[in-house]
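Me: I want to go through this model one term at a time. Tell me what each word rests on.

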Amino acid sequence: MAITSQSKERQMQTPDQIRSALQSEIAADEATVTARALRQARKRKLQVNAGRALLGVLVVGGWQLFAQWKIIDPFFFGQPSGIVRQLVDWFQHGTSFGSIWSQIGVTMEEALLGFVYGVLGGVVLGVLLGQVRFLADVIGPYIKIVNAVPRIVLGSIFFVWLGLGTPAKVLLASVLVFFVVFFNAFQGVREVDRVFVNNARVLGASRLQITRHVVLPSALTWITASLHVAFGFAVIGAIVGEFLGAQQGLGLVISDAQNHFNPNGVFAAMVIIAVIALTAESGISFLEKKLLAWRPPSSTEVAGI
Amino acid sequence: MTAAHSGQTLDAGADPGGGRAGRASARIELSGVTRRFTSPTGKVFTALRDVNFTVEPGQFCAVVGPTGCGKSTTLGMVAGLDRPSAGSVRVGGAEVDGITEGVSFMFQQDALLPWKTVLANVALGPVFRGVGKKQAQASARDWLGRVGLRGFEDHHPHQLSGGMRKRVAMAAALINEPSILLMDEPFGALDVQTKAIMSNELLGLWEELKPSVLFITHDLEEAVALSDRVVVMTSGPGTIKGVYDIDLPRPRGAVQEIRFEPRFLELHHQIWESLKDEVQRAYADTGGTSGTAGVEGASGSSGSSGRSKPAGER
């Protein structure tokens with residue numbers, strides 16, 4: 001800063017003039033800094049994307065070549081070109097259980113229904129137990145016990161109860177989802193700032209109003225965080241359910257491919273599931289952004305220049 | 001201060017305390033109040049012992065004392081968030097049972113809900129009392145204007161500075177036109193200049209609405225400058241050491257300037273003589289003990305307070 005050269009000149013100006021001169025100086029500085037920052041950000045983004053593309057080509061290409069050169073056996077490991085052929089075949093001619101779309105539809109229906117029921121159950125019970133200490137103390141240990149059971153095994157029981165149709169898979173998926181959401185909702189309610197609650201009480205809020213205006217919004221950070229994991233569990237529940245027994249669905253397609261020693265088929269189904277999961281993930285992120293719009297931007301978003 | 005004197009000055013005299021109950025309902029009486037806490041290990045800790053003092057209706061009463069002398073506990077009991085283990089807390093002649101009617105609380109920490117806009121935060125008081133949403137928002141808008149925050153209605157609390165958040169909290173506390181205002185070091189976290197400005201605004205609004213104020217602070221200058229009565233407390237356990245009536249004229253004017261009045265200095269000196277020993281003793285005590293302060297437990301409390309102890313350590 002050229003303070004010494006300008007100080008003389010500034011002495012003869014009024015404070016307002018000095019301020020406006022300073023302001024334009026600052027504005028000019030900021031403009032150059034902004035331009036530089038933008039350039040750097042663009043460059044970095046390009047580098048990151050190039051790095052990602054390179055890594056993808058390396059892995060998939062390496063897989064393809066190694067399989068072609070018989071370094072790894074394509075009979076066991078499949079190969080990318082085979083996976084693509086399998087996918088094209090499914091989408092053009094359907095699977096042995098009907099069109100691939102209906103398989104996807106069945107699995108999605110099971111996963112989504114399980115997700116919705118599980119989330120609802122988890123939130124309601126979590127919020128209730130988080131607020132009513134007596135209930136939490138009484139029921140808590142049992143929830144822990146049930147949580148310790150390998151819940152996938154419950155699938156077998158559900159099949160005995162509900163048969164091979166959709167309901168058994170929905171139930172399995174929702175049980176998996178429930179526990180993830182429940183523990184988060186419960187913890188979220190427990191973490192609510194007592195000052196918020198006391199303030200609402202003094203202002204004359206009823207219990208229900210406190211739940212609605214203070215507890216739920218506060219716990220929402222925790223609950224939405226659990227939704228990402230929860231959807232994964234919903235898909236797992238649906239697929240595993242179909243593994244255990246089904247007439248339709250992606251899980252059945254996978255187990256069929258497995259029975260025919262067709263690794264490309266297994267991988268192809270995995271690709272489809274991954275696409276579904278990524279789509280759902282972005283949907284949940286969108287929802288999270290909407291619900292938690294009030295949150296201050298995190299420090300990573302406000303990058304220092 | 002400009003915004004504070006506009007608006008409802010006229011009805012403030014005719015309809016004090018929101019008209020819920022007359023002025024006499026604003027008298028706060030503590031007699032023989034003792035509060036003990038039991039830690040989870042069964043250790044008993046006496047926070048307050050035999051505390052007696054009265055806040056007259058419309059009086060501005062400050063409580064000063066060293067850290068950990070149970071000042072906040074006292075406020076909690078007046079608000080009805082907590083119960084005394086012995087003795088009685090009366091507001092308007094009636095024993096406090098459940099949340100006290102007509103009370104507003106300004107906390108030391110931020111009590112604004114971060115997920116609500118400034119307007120929605122201020123409107124909470126009327127909404128909780130069953131006022132329609134439109135009317136609640138209109139009155140919140142009015143109050144935001146009175147604390148000089150017109151134009152910030154749709155901001156979220158994190159977008160405001162500390163001083164602005166305190167103004168919002170003040171509007172949120174006053175919107176119900178409380179007959180009693182409890183303030184727990186409300187300006188403790190602010191810088192000196194902002195604190196002075198906020199104090200002036202508080203005085204302006206107080207003179208308009210005239211609620212009884214119980215104001216907790218560490219800052220003796222602040223206490224003398226603002227209040228009609230200063231209560232000095234000892235620590236470990238908290239007891240009353242002295243009660244001083246402040247006879248500085250009202251309206252006080254700028255708190256920055258009243259500090260230079262001879263009478264102010266005299267009172268300040270007099271109270272400081274009493275407070276000094278306590279502060280030194282408390283400081284020496286905290287040097288050696290780990291302290292069970294802040295541990296809340298079940299002790300002699302009953303009814304609705306049982307499930308909602310403030311800051312319960314689980």
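**Sheets, helices and contacts**

Reply: Start with chain B, where four strands make an open sheet in the order 2-1-4-5 with antiparallel pairing. Strand 2 and strand 5 (94-95) of chain B are its edge strands, each pairing on one side only. This is a predicted model, in which local features need pLDDT of at least 70, side-chain atom pairs count only at pLDDT 80 or more, and totals for chains, interfaces and linings use all residues. Residues are numbered from 1 along each chain as its sequence is written, while chains are lettered from A and ligands numbered from 1 in the order in which they are written.

Me: What makes something a strand, and how is it numbered?

Reply: Strands are DSSP runs of E with at least two residues; helices are runs of H or I with at least four; numbering starts at the N terminus.

Me: How do you know that strand 1 and strand 2 of chain B pair?

Reply: Pairing requires that DSSP finds at least two bridges between two strands. Strand 1 (residues 28-38) and strand 2 (residues 44-55) of chain B have eight bridges, in the antiparallel sense. They therefore count as paired. Leu30(B), for example, has Phe53(B) in strand 2 of chain B as its bridge partner. Five residues lie between the strands of this hairpin, and Gly42(B) takes a positive phi near 95° there.

Me: Which residue other than glycine has a positive phi near 50°?

Reply: Asp50(B) has that value. Asp50(B) is in strand 2 of chain B.

Me: How many bridges join strand 1 of chain B to strand 4 of chain B?

Reply: Five, again in the antiparallel sense, with strand 4 covering residues 86-91. Ile28(B) has Val91(B) in strand 4 of chain B as its bridge partner.

Me: Which strands stand at the edges of the six-strand sheet of chain B, and why?

Reply: That open sheet has the order 6-7-8-3-9-10, and its pairing is mixed. Strand 6 (103-106) and strand 10 (240-245) of chain B each have a single partner strand, so one side of each is left without a neighbour in the sheet. From one strand to the next, the twist averages 15°.

Me: How many bridges join strand 6 of chain B to strand 7 of chain B?

Reply: Four, and the two strands run parallel, strand 7 being residues 180-184. Leu182(B) in strand 7 is the bridge partner of Phe105(B).

Me: Why are helix 9 and helix 10 of chain A called roughly antiparallel?

Reply: Axes are lines fitted to C-alpha atoms, for helices over the stretch in contact, and angles run from 0 to 180 degrees between N-to-C directions. Angles under 35 degrees count as roughly parallel, over 145 as roughly antiparallel, 65 to 115 as roughly perpendicular and the rest as oblique. The axes of helix 9 (residues 194-202) and helix 10 (residues 207-244) of chain A cross at roughly 170° and come within 10 Å. The helices are therefore roughly antiparallel to each other.

Me: Which residues of helix 9 of chain A meet helix 10 of chain A?

Reply: Phe196(A), Val197(A), Ala200(A) and Arg201(A) do, meeting Ile210(A), His213(A), Val214(A) and Ser218(A) in helix 10 of chain A. A contact here is two residues with C-beta atoms, placed from the backbone, within 7 Å. By class, the contact has five nonpolar, two polar and one charged residues. Ala, Val, Leu, Ile, Met, Phe, Trp, Tyr, Cys and Pro count as nonpolar, Asp, Glu, Lys and Arg as charged, and the others, Gly among them, as polar.

Me: How many residues of chain B are in contact with chain A?

Reply: 22 residues of chain B are in contact with 18 residues of chain A. Strand 6 and helix 3 (118-128) of chain B are the elements giving two or more residues to the chain B side. That side has 14 nonpolar, six polar and two charged residues.

Me: What are the domains of chain B?

Reply: Domain 1 is 8-102 + 180-287, and domain 2 is 114-175. Such bounds come from an automatic or database domain assignment. The C-alpha centres of the two domains of chain B are 25 Å apart. Their contact takes 11 residues from domain 1 of chain B and seven residues from domain 2 of chain B. Helix 6 (residues 192-209) of chain B gives the most to the domain 1 side, with six residues.
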